[in-house]
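The headings below take up the search as a whole and then individual cavities.

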Amino acid sequence: MSSPATSTPSRSSTPSLLSDPARTHLSVPGQHHPSGSEQSLNRIKNVPGYTTPVFKGKEEQRAKVQANVAAKGFIPRELVPNEVNWFYSHLGIDDTYFQAESIDVISDHIIALFGAKVLAYTKHDPTTLAIDLEKVDENGATFIHTSSPGKTATEGPGATCESRIDELFLDKSTQDNAFRLETYRSQGSISATASQQLRCYFVTKCNFPLASASSDGKTDIRTVSDPVFLEKASENTLEIYQRVMWNVESRYGPVIEVFEVEGSRERRLVIGYKMGGTSKFFSALSNLYHFYSLYSARKYVEQFSNGITIISLYLNPLPSSNAPPIEHSIFQVMREASLLYCLPDNPFFYPGADPSRGHAVQEATYAYCGWVFAQHFCNRLGPAYLQLRNILDESNPSHAEVLNDIKMRFREETFTRESIAEVIHRHGDLINMLYVNFAMVHYPPSDQASNLMPTLSYQRLQTHLPLSDQELYDKIRKAVHNKHELQVLESLLIFNKHVLKTNFYQPTKVALSFRLAPDFLPEVEYPKKPFGMFFVIGGEFRGFHIRFRDVARGGIRIVMSRNRETYSINQRMLFDENYGLASTQSLKNKDIPEGGAKGTILPSLGSSPRLCFEKYVDAVIDLLIPGRSPGIKEQLVDLYGKAEILFFGPDEGTADMMDWAALHARERGAETWWKSFTTGKSAETLGGIPHDVFGMTSLSIRQYVLGLYKQLGLREKDITKVQTGGPDGDLGSNEILLSSDKTVAVIDGSGVLADPAGINRHELVRLAKLRATVSHFDRTKLSKDGYLVLVEEQDVKLPSGELVIDGTDFRNSAHLRFKADLFVPCGGRPEAVNISNVAALVDSEGKPNFKYIVEGANLFLTQQARIYLEKRKAVLFKDSSTNKGGVTSSSLEVLAGLALSTEEYVDLMIFKDGKPSTFYQSYVKDIQDKISGNAAAEFHCIWREHTRAQGSKPRTIISDELSSTLNNLQAELESSDLYDDLAMRKNVIARAVPKTLVEQVGLDTLLTRLPEPYQRALFSSWVAAHFIYKYGVNGSSVDFFHFVRDLAV
């Protein structure tokens, strides 16, 4: 892949000092941005940022410690004064330690130090002198150990110290229980013969004030600080931290600043972020600056009661180091700190590595992303699976099950996470080349106006000559002789070739996001090609977003894992689950502008689902909004080249997060589309249109039930009905409230309510209005043959004499035991009726237990089960046709957000004093009418097609064909020139948009406000749906001509 000209600076401008490959382990080409120069010019005076209060009782304590050490008898009496004096006066331990620790603890530490000296003496090697002192309790900790400056310890004292501090204190800090940290390197050496220095860590529990003060969203730092911090911090430090705190409050990601200390080469790196926003970060930062041969004199981690963490590192260059000068490397540390914030626990960033070996943070982060990509997209099935699939019949349920089992096994055994990681570790040089191949395309263009020296990122180009895709592939092929390893490395090259844009090089971010072209997906596994893919990786999660059309909408689902085994399965299946959900959504979204889409988020075990969702959303927004803030959000390299808008909705685990996502999009600058970014928003505060309150999904289900009654001449009060999903749920409660049938059974999460004489309707309505489960049913309202069995009950005797041993087992299979005219599943587990149990719904004479089935709940029956029942004369309407009312409502919620300005939206859609506006009420009524109209039109179309085929084609298949034909026609119309006929376009959009909205905004204004891709989708979906519903799936070209001609009038 050739790089853009703008990102290939001339080789001649390389400073000679950095041009030696052996002296530079650098990252990507390009010059540093002006923001870096501005930050580098933040100069501060060469004075301590913290003062250490003088411990007035130090001499008195020293005398007591000396007496205590002598009394213990481990050190010869004549040596005790000298050892105590050395500890107090020559090690350089400041008064913080002596003031905090007891006489016994200090005495123990002096004895331990003496013992370590004796041990080193017996080995006749002073360099083996190792000190490892610690005290840990619930209020904090003290760690003191030997430490070589500028080097991450991989064994012995200090190897795990900082990671333990992260794990025990910093990562667990909350606003109610936070810990601050001071750590510094001692000035003196540990003995007269050994040159090692001590590293001291002091962790203390914060004692926050009860109240804080803020103005215009800006908190006064003095009102949220621990008093010990306020006592020690200089005025200059307070000013710096105050500014960082305000920046953190106004952003979602980390704030990173560098300060130059006058008269020295020291640089102070200050990082602020929301408490709990990352983990293992403090210890990872040490690995980062050690990589560039820097060492820290002092480090501080401060916590504040408004939920903000600030880290401050005092960095200096190691003397006599061959590493790049700190004046250059500090900007690399800044940039890479943002990557570490996203992925602090990265197995490919080697602790203890230096610029001549191992991976730098950027290469390691790339390797991690490639590792996750390969886990999902190494083609694990191959030709053997394809041959088998060609032999077997996928429409045969038993064959399909065998194929699915083989697919699962291939995916489990061929490429494991561990085997892919081993390949990446084994081929470090090839990974670096692959990284340069990636960086040459996606590193943002240099600012040619900048007078800065080229950064270390630029230098990387001098040490690795970029290869073309073909040259790189040939090099990989020649270097790797194992087919398995070749496939893993090929997958990283495929990743490079299909990334259209990424936030990898954004100065600040909370997770990594990639917009991928989905062309690489193998057709054997993914026969329907998605339109677009987003791939998101965070320290706590991974996620995808897939859409099948440019304008598409679907829910964001959080996939939770109960244990490590479930997590492992979810990891392997995440993309396939996402693909399947988005594909199914396409069938349901057939008569609305938005095609099918879905997002999935897989949190790591123990991670906060809310934090994962927020990071996922923020990282996706990075790719939707052009960056315009130097040093914060900058312009990306965009190979896609078109504006994109995504529409998110609620799904499992995210229903209460839609408000946050919409408001966050607004804070990020999405002024035109924040209102439509999410559906399922709160009605009162954000103008959402809740499906349950207005019965949106139930309205479409209801049209199918009413259509059945009308076509078959049935009276509703004579119809017996079984319902899953109880009065506590959205669909269940509305089905009860809208119907007047004779319900004989209701099954919900709490148990089974049944009465052959018909369940008391007044009592059912009472529960539906209360949104209460059937467990609250008044048993006195049951007939003599009626019963209520709760899931927690055991050994319950039914009126028939049957004994129910376990209430949960009884509930789980209850939908298979009843007979009635009508079955309406409004809740329950997916695939509750499948090919292995569907026979239970047919009696000994081959007649189905239910004459009519209207599938309200998603995926309650499998496709094979539906066809099995239809072959036995059940009249069945599947979920993608019946329950589309919710998606129609959400689609029109999106439309309102796009069509109204922010001022209009706030005025018309958001409640005032808890009450909706007249516009809102009228718009909701329009939505309800459209849902009912669309559902009735599709019902009659399916009924007509089934009659035309004389019952030879199941309604399930007709429904699928209807969805596919409609979607295909819509796609054709979107790319046709029909849309360019202005008169026709106006006529269609005037009919497609609810009347209330057209009258409020005006048609011409609508045409200027709605994004052009959305207008095309709206036009095409309306034309396709109304043509198909009128003429059926077999409508001719002549029919279409007449239909379109009428639209132009």
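## Cavity search

A search of the whole structure finds 3 cavities of 30 Å³ or more. A cavity here is a set of points, on a 1 Å grid over the protein atoms alone, where a 1.4 Å probe fits but cannot get out, and lining residues have an atom within 4 Å of a point. Grid points are joined across faces, edges and corners, and a volume is the space filled by probe spheres set on the points.

The model is predicted, with pLDDT of at least 70 needed for local features and 80 or more for side-chain atom pairs, while totals for chains, interfaces and linings use all residues. Residues are numbered from 1 along each chain as its sequence is written, and side-chain values use heavy atoms, leaving out hydrogens and water.

## The largest cavity

The largest cavity, with a volume of about 120 Å³, is lined by 16 residues, of which Leu170, Asp171, Tyr273, Thr278 and Thr309 lie nearest its centre. Two or more lining residues come from each of α6 (161-170), α9 (281-291), β10 (294-304) and β11 (308-317), where helices (H or I, at least four residues) and strands (E, at least two) are DSSP runs numbered from the N terminus.

By class, this lining comprises 7 nonpolar, 6 polar and 3 charged residues; Ala, Val, Leu, Ile, Met, Phe, Trp, Tyr, Cys and Pro count as nonpolar, Asp, Glu, Lys and Arg as charged, and the others, Gly among them, as polar.

## The second largest cavity

The second largest cavity has a volume of about 70 Å³, and its lining includes Ile44, Arg268 and Ser312. At least two lining residues are supplied by each of α8 (235-250), β9 (267-274) and β11, with α8 giving the most, 4 residues. The lining divides into 5 nonpolar, 3 polar and 1 charged residues.

Terms used:
On a 1 Å grid over the protein atoms alone, a cavity is a set of points where a 1.4 Å probe fits but cannot get out, and a pocket is an open set with protein on both sides within 12 Å along at least five of seven lines; lining residues have an atom within 4 Å of a point.
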